Every structure is written in structure tokens, then in C-alpha cells.
Amino acid sequence: MSEKQLSGEVYYPKQHVLDHANAKCQTLYDFAQKDYQGFWAKEAENLHWFTKWNKVLDDSNKPFYKWFVGGKTNIAYNCLDAHTQTFRRNKLALIWEGEKGESHSYSYFALRRETCRFANVLKSLGVKKGDRVTLYMGRIPELMIGMLACARIGAIHSVVYGGFSVEALHERLEDSQSKVLIVADGAYQRGKIVPLKQIADEALQRAASVESVLVVKRTGEPINMEAGRDMWYHELMVLPIAGNTCSIEEMDAEDPLFMLYTSGTTGKPKAILHTHGGYMVGTYTTLKYVFDIHEDDRFWCAADPGWITGHSYIVYGPLLNGATSFMYEGAPTHPYPNRWWQMIEKYGINILYTAPTAIRGLMRFGDAWPNRHDLSSLRLLGSVGEPINPEAWRWYYKTIGKEKCPIMDTWWQTETGMFMISPMPCVPLKPGSGTKPFPGLEMDIVDEEGKSVKPNEEGFLVIKTPWPAMLRTIWNDPDRYVNQYWSKYPGMYLTGDSARKDEDGYYWIIGRVDDVIKVSGYRLGTAEIESALVSHPSVAEAAAIGLPHDIKGNAIHCFVILKAGFTKSDKLIEELRQHVGHEVGPIAKPELIEIVESLPKTRSGKIMRRVLKARALGLDPGNLSTLEE
Ligand code: WT7
């Protein structure tokens, strides 16, 4: 691939990287180009199926695609049981370190045993195939065990990020109609304790479907335990019902594995649904090739399991590959900005996968912190969540990777389940570009009419081929699934991002074109923030926008109209910020709230956020013909 001279700032793969790679990546591109279904089927054959599929892809009812039709499998079997029957039985599946520095590790054998025990506990509480179980905790091993236990018995897990708060949790419990909630008593966050159980108690007052609450003791702080509803995880796990083995549910390839809520254009967060078969094949294959997973690798995805990145690349992808996954509970800079570098040295991490916001946050503390540590175990680096600015890319490449670790900038979404645009180690890199679509995927950038735009022109990013880990629907809302993703252009999946492709075919993501704001890589909807604001007694109307921020990428700015009888004050503004934090979560707290007399609206009454944004940035607001006043 290096035969062609590429334009711009290019980093060609070094010989040691090419020599090490477990696949000749050009061969993968060529094979998948000719026969993408054959490509995915060949990868699927590396995994265990109780019954093999009879059709790779069924597209007879678009956009409700089905993959590996007729196949029977279970992702938890492939994550654990498949390995405990081999030399990997005693290999470390998970290494975990707590914020305070304590550490636990689990071999594949131990992780399977703990999962079985917990699956038995869930069964004893009446959890059956298809039931929903919500998990709400910090980055602790029990989260992984809980997810895998659900998968084992065919229950559908719904993980709610531990940084969300009362209303966000309530909405998700209610929408999923979860029978069981698994919650930690609290979570450590920068030396402080987030009272997760207390937040859950408040959410549970509004959520009727939950019959049992299992509480994992993490902090040991006193909490309320409601008799008949709340039970300690550690007490149940030692009961005779929690046997060391638990039979595995044979799942149809298309049976749901999990739902994960994410923010969309309008209204409430929606639950994206993923399946056992296709999602398994997608995460297994993409991790293997993009991060060039080898038997002795220690892979660290520093995301939170509460987001898709953690689902796919802390839990499922690494375990499917029989790799060792590393999980760290705390913040990158607590207590000092060398926390991460310390652990890379301590555990000999080979691959670090994180977000630009974290890189920028660490970069501002300078080179001395990483330079104190031996980072020579690192072989590959990764980035995800938002475009990485070239300055942060170069710092990551030079100071962390010592110019020997290529950076895999992976573009994907909760909906895609797996990497979509990403290099592999053999692909020449350009800082800020995710390079090109993964083998087997056809993507494009199109104009309003759905026609491909010219090189370097901005347009809508779309996906033209189905892929195994694609979302199957939105839970309880198949119409929204069709409308949101498949109705603008027939046969093309609309990503919600704008992008351009350069003269070498490299993709450059520009940003969201809908009402989604990416704050520190977290995805939030303007609607969630606005509805939290208007739930406060003083607020009549509210609008939220994202404005550029040095570290966070985007920061939330809100405009609020007060109800009659309320007057503007710094105290009220602070109260509103806290209110959003309490309802949605600390990540959603607005950077700035401005009290205004009116908001720009269309004649049909829709708030024109783009006008607010242009005004805040001092830019030309563009076409105002639909503006009412
Ligand atoms: C949105 C999806 C899936 C991982 C975490 C985010 C943005 C994601 C990149 C990247 C530029 C990126 C897009 C996308 N995004 N990765 N490498 N470069 N932008 O998942 O929360 O569902 O957000 O994140 O805007 O649409 P998510």
C-alpha cells in the first residue's frame, strides 16, 4: 500500500509493525471487496456455534437485516467456555485496578466460574431468557461478570453509565421494564464517592417494574437496604444456589444480547438493540485486526463499560479473542497526572485505546509525567469518540508512543457496535483521519439528494453495506429505527455525522449534524438537557447548544427563559446547573447558562439552535428565511 505517494502529513507503517501484524491487511481488503458476506462468514467460523447458520445475510425485509440466520450460539460461551477448554484456562482474562491502587485479576477459569455463580443467582430470582436486567455501577469487575451472566442465561442487559443520575436512570429502567437492577453501593471518583445506591433508590421510587435489587459492596458506606427488595451480591454469591456451573442458553444468532441507551435527534434517549450472533462476529473481527491482537497482549480500553466502547472493547471483543483485558476504576489524573503511565508500566500494557479528550487532558500536564515511566511495552495506540486534533495526535504519537506505535483512530457509534472507519497497522496514517472503512464495508459522503460529493467536499456520512454488528432496531420503537436511520436515503444508513473524503480516499469527520452534543466524547442530546431544565419550577423554555472547548471538545451552553415571577440571579443559575446534574448526571451540567427574553424559532415553533450557535461564535447565522422573529 505504501507504493502510492499520499498527500499531506503521512506516517507510513514501520517495518517492525508490518512484521508483527497477524494479517496482511491488503489481503483482507481484497477478499472482502470481492465477497463481503464470505469475509464475515469466514471470521464467524473461528467462533463456536451450537448449530451453524444456513444463510449469512437475510436482507428480504430491509432495513430489518438478519445475520447468520438459523445459527445458534451464545456470546458468553465464546467469551469464556470456549477458552477454558484450551490452554487459555489459566490465562488472565481480566486485570483490574481500583482508584486507590488495589488490584484483582481473574483467569478465564475464574471469570467463567464467577459468571456461572452469578447467572445462578439471577435465575433464582426468576430472571429468564428475554428478561431485562439493568446494571448501574462504576468500572468494577462485577459489571463485567453481571453482563456475561445475563448473556449466559439469555437475559438482555442494559448498562446505565455510572455518571448518569436519577432521571436518566429512571427513564432507562422504565423504558426497558427491567426486572432486576444490579447496583453498587457507590463508586469512587477522584477520591470522592458517588452515592449510586442512593441515586438508584430515588429512581426506583418512580420505576415499578423492578422486583429485585442486587447491591455490590464497593465503598462500604452506609446505605439504605429495603427489605424484600434489596439483597447483597456478596451474600447471595456464597449461597448453595450459586453453584460453580450453570448451563448455557443456546441463543438464536438474532436473539437480543443487550440494549444500550444513547441520545438521538429528538426526545428521549433510545435503546439500541444488539444481538448474540452478528455483534459477536463484528467485535471479534474488528478488534483482532485493528489492534492486531496477539496471544500475549494486554489490552487496555480506557473507556467506561457503560458506553458502547466498553461493551465492545473492554468486555466482548477482548474476551472473544482470548486476550487479557485491563480495566481501571478511576480518573486518569487522580491523584496525579501520571496515574495511567504508572499502570502501563506496572502491568506492561501493550495496547492503549482512549479518547481525544483524555489525551488533551493529560497533555496539558506536560511530558515530564509520562517520561518518568517506562512505556516501552506499548505497541499500538487507539483513539475514539470524536475527531482527534493533530496537535493531540502528535503528542500521543511522540510522547506516549515514542514514534513506534501507530495510532488507530476508530470511527464508530453505539449503533454500529464495532469499528467502521479505522486503519489497521499496515495502513499509512494521517493525523486526524480514521483513514478508510474496515474491510467489508462500503461507506460514502453524499449531498442532500444522496449523490456522492467530490473529494474534499463536505457531506453526510452514510453506510451502504449492512454489517454484522449493526443495530437491529430501537427497543419498542421500530418506526423510529426506520425513520431515524434509513428514511433519508433508501438503502443507506444515515450516521448523523458530516465528513469529507480527501483525494486519497481518507475520511475526515467534521461532527454531528443533528442535535447531539459530544462532551468529552460522551454523547448527549440537546433534548435531554432542555427537558431537565424545564423540569425546574423557574424555567419556561430552554435551548442547549455545544460550543468548542479546548479539553472537552464541546461544552454545553444553555439559554433559558424564566417563568413570570422569577428573576435572574447567579444563585438561580447555579441552582439550574445543579438541577441538570441531579436529573441527567454531572457530565451534562451546562458550562454556562444565559437567561434570555426570547429564543429564535421557526414559524412552526422549533428552536433554531444553529442561530444561537452562530451568534455565540460571532458567525453569520446563514439562511434565516424560516425564522419567525
Ligand atoms: C459519534 C458516536 C463508538 C465509540 C464511542 C462513541 C463520534 C466516534 C469518532 C472518531 C471522529 C468520532 C461521531 C459518532 N465519533 N468516533 N474516531 N472520529 N468522531 O459512540 O457515543 O455512539 O457516538 O461519536 O460523531 O457519530 P457514540
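A polar contact here is a pair of N or O atoms within 3.5 Å; inside the protein, one must be able to donate a hydrogen and the other to accept it, and residues adjacent in sequence count only if both atoms are side-chain atoms. Keep that in mind while you click around. You are looking at a predicted model, where local features need pLDDT of at least 70, side-chain atom pairs count only at pLDDT 80 or more, and totals for chains, interfaces and linings use all residues. Residues are numbered from 1 along each chain as its sequence is written, and side-chain values use heavy atoms, with hydrogens and water left out.

Select Gln 413 along with the ligand: a polar side-chain atom of Gln 413 is 2.9 Å from a ligand oxygen. At Thr 410, a polar backbone atom is 2.7 Å from a ligand nitrogen. On its own the ligand has 550 Å² of accessible area, and the protein covers 96% of that (Shrake-Rupley method, 1.4 Å probe; for residues, only the protein chains shown count as cover).

Helices (H or I, at least four residues) and strands (E, at least two) are DSSP runs, numbered from the N terminus.

**Stop two: the rings**

Which rings link up into a cluster? Select Phe 64, Tyr 65, Trp 467, Tyr 481, Tyr 485, Trp 486 and Tyr 493, joined by ring pairs. Rings of Phe, Tyr and Trp (its six-membered ring) pair if their centres lie within 6.5 Å; planes under 30 degrees apart are stacked, over 60 edge-to-face and the rest tilted. The whole structure holds 42 aromatic pairs. Zoom in on Trp 467 and Tyr 493: their centres are 5.4 Å apart and their planes at 85°, so this pair is edge-to-face. Trp 467 sits in the loop between β22 (459–463) and β23 (473–474) and Tyr 493 in strand β24 (residues 493–501), so the pair ties together parts 26 residues apart in sequence. Is Trp 467 buried or exposed? Trp 467 is buried, at 0% relative accessible area (buried means under 20%, exposed over 50%, partly exposed in between; 1.4 Å probe, protein chains only).
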